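Visitor: I would like to learn how to read a structure like this one, one feature at a time. Could we look at it together?

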Amino acid sequence: QVGDNDSGRFLQFPACAAEPDQLRADDLLELEARGSGRRLRPDPTESAVYRDTGRFLFRSPSVYLLIVAGPKGQSGRGGHAHNDILAYELSVRGCDLIVDPGTFVYTGSPTERNRFRSIANHSTLHWPGIEPCSLDRGLFSLQEEGRLEVEDCVLDESCDAFVGVYRYAGHFHRREVRLWKATEKVEVMDRCSTSGAVLTFVCAPGIEPVIDGDSCRIGEATF
């Protein structure tokens, strides 16, 4: 789940049909024809990088780690985007631990729509009261106001590594992520420009974090 993940489709039916059995399903048949071709089935343990969309996927036999670091989409308008730059999702042995909370609602509640788009609702670092991109331009507009730089991304047999820096509103957040293949250990290291930052973890439903001193256990993961 990244942003709204809007995958809706419009299917057209003739409005002049007098009887239900006269409805034509040309669009449905065309959709089925397009979807009946050969589909790629990637190795579930193989990492992948999609630079144009800013999706960095690190995988091992037990770990699934998705890092979000890309453009807002829609030629910069960001109609379905969220303030989620440098956030990540983590799944271990098929169990979701750190997640994107999704969208919840489009227009029924502008307050809740913006809460789910807010940086505070994603697993990243933020300063309370500061949004990287304004939520006040409309429910379907989130134009980029910050500057993202992916400094490094390497996929290797021993270790996958990502380094990104996000600068906005006079602040910066630098995040390094590594997945060590042999031990399946994940490292996430954060640096930021000023004090007062808050580090957020959004847990999957039913997953309760356990804090013990300076460590935090979320499911099978220890932070």
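Visitor: Why does Leu199 count as partly exposed?

Guide: This is a predicted model, where local features need pLDDT of at least 70 and side-chain atom pairs count only at pLDDT 80 or more, while totals for chains, interfaces and linings use all residues. Residues are numbered from 1 along each chain as its sequence is written, and side-chain values use heavy atoms, leaving out hydrogens and water. Buried means under 20% relative accessible area, exposed over 50%, and partly exposed in between (1.4 Å probe, protein chains only). Leu199 counts as partly exposed because its relative accessibility is 41%.

Visitor: Which strand holds Leu199?

Guide: Strands are DSSP runs of E with at least two residues, numbered from the N terminus, and Leu199 lies in β11, residues 198-199.

Visitor: Are the residues of β4 mostly buried or exposed?

Guide: In a regular strand the side chains alternate between the two faces of the sheet. In β4, five of the five residues are buried, with Tyr88, Leu90 and Val92 on one side and Glu89 and Ser91 on the other.

Visitor: Which strands pair with β4, and in what sense?

Guide: Two strands pair if DSSP finds at least two bridges between them. β3 pairs with β4 in the antiparallel sense over five bridges, and there Tyr64 stands opposite Ser91. β4 and β5 also run antiparallel, joined by three bridges, with Val92 opposite Cys95.

Visitor: What lies between β4 and β5?

Guide: Two residues separate them in a hairpin, and Arg93 in the turn has a positive phi of about 50 degrees.

How values were computed:
Helices (H or I, at least four residues) and strands (E, at least two) are DSSP runs, numbered from the N terminus.
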